[in-house]
Amino acid sequence: MCGIVGYLGNEEKKEILLDGLQELEYRGYDSAGIAVIEGDKLNQFKAIGKLENLREKTKNYHTEGFGISIGHTRWATHGKPTELNAHPHLGAYSYVVHNGIIENYQELKVELQNDGVNFLSQTDTETIVHLFEKNHKTNTNVFSAFEETIQRLDGAYATLLITEADPDTIYFAKNGSPMLIGFNGDDVYFASSDTPIIGKATEVYYLEDGEYGYAKQGEVKLFDANGKKSFTKQALTTDKVSAQKDGYRFFMEKEIYEQSRVMTDTMIGRVLDESIAFDEIDTALFDSIKAIKICACGTSYHSALTSAYLFERIAKVRCDIEIASEFRYKEPLLTKDTLFITISQSGETADTLEALKMAKRAGLKSLSICNVDNSSIVRESDAAILTRAGIEKGVASTKAFATQTMVLWMLTLYMGQERNTISKEVLKTEIDAMLHAPKALIVTDELHAKLHRLSKRYLHGHGFFFIGRDIFFPLALEGALKLKEISYLHAEGYPAGEMKHGPIALADSELFTIALMPKTMHYDKIKSNVEELSARDATILAISPEPFELADDFVQTQYSSHPMVEFFEMMVVTQLLALEISVRLGNDVDMPRNLAKSVTVE
Ligand code: F6R
């Protein structure tokens, strides 16, 4: 996700910005840029791709003496990852960087265009700099022109603005997106999280929503809706790794909590009021397509399995799912009327990449759903949809799964819409449900505390069965995989209706059954499957909106009108359960034994 760094002082500004942006790399980005004002010298550099590209572009550029500077890493939301869309955005004589979303940017853009402003990028951010310069025309006081500007912005933002009209000052504002100010003597730093300024600043002030102001050498003035205010600095931590975790104990925990936000990022610009849009896909991709085949591994395979139900039910297109390592050697019969989809968090999984190459050799059209732009799988595919989860550090995948599943749900609706297999009314209902998904992913203190409490009862036994039906069967597989990976306890995911065909023989009080019992989907069927297990003395942890009297333990979810919303809420419960069991067992949650984050070998 996007990152901000700013610096005001006498040190080499380019290095401070580039080093700071490097510290934010772990959040993910697709382009980067810096802007520096030193007296009357104004310089700006932008590059797409890795920071190395920006370093290369700036290798002959050095700063000297006092100056002000801002830098940014961008993860594309409004507009593609291009140099023009990269920050800082330039007006006639000012630059701006911004994280977040300006919700009313369309309205502001039209207003500015009517005034004759020419926009260079497709971003919401560019409106800030033009609006500032428009205000500055009638209000020569730079600070009040800035103040007027931010008062017009709706939505979430953390923003820095520098202008030749006041070359000693950085203007800042924060609402909804994180930003902090670092201090070291007269030098002032800005960043969207601690890590870029650790080792440079000694003290810090974490801005609150609604705060804004300006910084000059040795002087920071802070304001909010009530006017000027004082603030207290605190000592800055010196521990970078813990700073990257934003206060969470583990990256996996942080990533579980991030899911609600990244899900919104995944939907931005794609889930519209009454339709689904994918700028990155040419609809010709679907021409003469009669079937879909999806190949993936591990967690990505589970998101694929979930989507098979949706592709057939909503888009009315045949959909087969294959484990990539199996697909490679089965001598599959491939026909050109099949769209070949690969799903991968890393984009580098060897088996998935090889499966894709096989499909391409057979002349199939290909689409990848991936979290890493420019990865091998993305480059090899005819088209790619990025999941926008941000970098995932925990080896056990969480937010990647959530965003993959969301992209696949959107894709089924998109195909349904393009191929007229769903009515406008159904599409609208699905979109309404989609917009509820981020809410279902919010981790409340109460829920986390409950799973922490429950976890102590699940540290032994001779195995776990996660059971579910329909789309909750792949979720059961995923819940079991999460638990296996980080607890090292044996767990299996099973279709609930299949238990009586064999596995029920294992049932006794030491067999833990995690029952996914959504109210919107086959509730009575799964209930009777769970009753059968309970009758054989299995220990039941039921996850459901509906209280279930035979459960030994019960996690109550919200009543919802759509199975996918229930799916996402139950997904969070299974992730937290795995996390808390692993913590109690003293395991390395983020780097479980024997596992690698990216499996680039067969
Ligand atoms: C599980 C997990 C793995 C990956 C699998 C595929 O938590 O992370 O099962 O899902 O190795 O990796 P990608 O999605 O990078 O292709």
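This is a predicted model: local features need pLDDT of at least 70, side-chain atom pairs count only at pLDDT 80 or more; totals for chains, interfaces and linings use all residues.
Reader: Which polar backbone atom lies 3.0 Å from an oxygen atom of the ligand?

Author: That atom belongs to threonine 299. A backbone N or O atom of valine 395 is also placed 3.3 Å from a ligand oxygen.

Reader: How much of the accessible area of the ligand does the protein cover?

Author: On its own the ligand has 410 Å² of accessible area, and the protein covers 90% of that.

Reader: How many residues surround the ligand, and which are the closest?

Author: There are 15 residues around the ligand, and the closest are Ser300, Ser344, Gln345, Ser346 and Thr349. A residue is counted if one of its heavy atoms lies within 4 Å. By class, the shell has five nonpolar, eight polar and two charged residues.

Reader: Which elements give two or more residues to the shell around the ligand?

Author: They are helix H8 (298-315) and helix H15 (472-487).

Reader: From which domains does the shell draw at least three residues each?

Author: Domain 2 (251-440) and domain 3 (445-584) each supply at least three. The chain also has a domain 1, covering 3-239. The C-alpha centres of domain 1 and domain 3 are 46 Å apart.

Reader: Why are strand S17 and strand S20 said to stand at the edges?

Author: The strands belong to an open sheet of five, ordered S17-S16-S18-S19-S20 with parallel pairing. Strand S17 (318-323) and strand S20 (383-386) each have a single partner strand, so one side of each is left without a neighbour in the sheet. From one strand to the next, the twist in this sheet averages 20 degrees.

Reader: How do you know that strand S18 and strand S19 are paired?

Author: Two strands pair if at least two bridges are found between them. Six bridges join S18 (residues 338-344) to S19 (residues 365-370), so the two strands are paired, and they run parallel. Within S18 and S19, isoleucine 341 stands opposite leucine 367.

Reader: What is the strand order in the open sheet that contains S22 and S25?

Author: The order is S22-S21-S23-S24-S25, again five strands in parallel pairing. Strand S22 (491-495) and strand S25 (553-556) are the edge strands, because each has a single partner strand. Strand S21 (residues 463-468) and strand S23 (residues 511-516) are joined by five bridges, and isoleucine 467 is opposite alanine 515 in S23.

Reader: What makes the bond between histidine 87 and proline 88 a cis peptide bond?

Author: Its omega is about 0 degrees. Most peptide bonds are trans. Proline 88 is located in the loop between strand S4 (67-74) and strand S5 (89-90).

Definitions and conventions
Residues are numbered from 1 along each chain as its sequence is written. Side-chain values use heavy atoms; hydrogens and water are left out. A polar contact is a pair of N or O atoms within 3.5 Å; within protein, one must be able to donate a hydrogen and the other to accept it, and residues adjacent in sequence count only if both atoms are side-chain atoms. Accessible areas come from the Shrake-Rupley method with a 1.4 Å probe; for residues, only the protein chains shown count as cover. Helices (H or I, at least four residues) and strands (E, at least two) are DSSP runs, numbered from the N terminus. Ala, Val, Leu, Ile, Met, Phe, Trp, Tyr, Cys and Pro count as nonpolar, Asp, Glu, Lys and Arg as charged, and the others, Gly among them, as polar. Domain bounds come from an automatic or database domain assignment. Axes are lines fitted to C-alpha atoms, for helices over the stretch in contact, and angles run from 0 to 180 degrees between N-to-C directions.
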